[in-house]
Amino acid sequence: MRTTAPRRRARRTSAGAGAGAAAALLLLAAGALTGCSADGAQAGGERGAQAAPRWNIAPASVAAVGDSITRGFDACSVLADCPEASWATGDDPEVRSLAARLLGEAEVPALSWNYAVTGSRMADLPGQLASAAAHKPGLVTVMVGSNDACRPSASSMTSVAAFRSGFEKALAGLRAASPASQVYVSSVPDLQRLWEQGKDDPMVRQVWKLGICQSMLADPTSAAAGATARREQVRARVVEYNEALREVCAKDELCRYDGGAVFQYPFSAEQLSRWDWFHPGKDGQARLAELAHRQVTSAEPPR
């Protein structure tokens, strides 16, 4: 009995170990079949699922598209572009453009490109983005829409549907040509606020008569119901444009809308061009650059 009992215990121990090993193998097999690990996580989930692209707060190059604001129109001299004062890609130290803040002033000429064109509307954006995409930029800035609202009359403003489809087309074209480029989208400025800044100055009113944004600025001192309704209609259209920009941008993982920061910014007369009191002067361009830099370098998108 003394000689056989240990053997029986050994056999039971051996059998128990074998059963345990078999059970462990069954558990492992079951885990492999269900895709679950011991802690309940999906086995290889991080490897199997494609990780969403993350926003890079330090892009290595910047391209800009849009209209006269991004070209620095009337920021340096009358009726002339001044791209060196552009909020997006300029190299004027008074402005400290977004590109200068991100790349350093010395790198701006080599690593930034400005394809904005004075007078451009949303319909022109696909072509501009196609040019920008050729550089495979780390970041593309978009500021467009003012000229879609600034028309000879309120009735000739770009429809919201056309504005939205134009942006969708432009963004799709960029994605096809440069999938990894991030996009920062500025909201359209509040044109009614710009009207408020200059409407009481006789000299400003004379300049506006030359044809600047007549849908908003015509008859600037008129308080008649028709003039008031026209201005409100233009402002409402800008709000709708901004909502379209936000919604289309939200569908792209590498697109960041400014949350209405430019639309809400309280531009003062001192920040506007001293030649037309409508476009941003150098101080206004600097404020745009500051807003953009804050948004681009934030770990989280604006709410």
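Cys249 and Cys255 are joined by a disulfide, with the sulfur atoms 2.0 Å apart; a disulfide here is a pair of cysteine sulfur atoms within 2.5 Å. The model is predicted: local features need pLDDT of at least 70 and side-chain atom pairs count only at pLDDT 80 or more, while totals for chains, interfaces and linings use all residues. Residues are numbered from 1 along each chain as its sequence is written, and side-chain values use heavy atoms, without hydrogens and water. The torsion about the S-S bond of Cys249 and Cys255 is -115 degrees, and the link is left-handed. Cys249 is buried at 1% relative accessible area, and Cys255 counts as buried at 11%. Buried means under 20% relative accessible area, exposed over 50%, and partly exposed in between (1.4 Å probe, protein chains only).

The structure holds three disulfides. Another joins Cys150 to Cys213, S to S 2.0 Å. Its torsion is about -80 degrees, so this disulfide is left-handed. The pair links distant parts of the chain, 63 residues apart: Cys150 lies in the loop between helices H7 (146–149) and H8 (160–177), Cys213 in the loop between H10 (202–208) and H11 (214–217). Helices (H or I, at least four residues) and strands (E, at least two) are DSSP runs, numbered from the N terminus. Both Cys150 and Cys213 are buried.

A disulfide also joins Cys76 to Cys82, with S to S 1.9 Å. The torsion about this S-S bond is about -65 degrees, so the disulfide is left-handed. Cys76 is partly exposed at 27% relative accessible area, whereas Cys82 is buried at 1%. With bonded cysteines counted along the chain, the disulfides follow the pattern 1-2, 3-4, 5-6.
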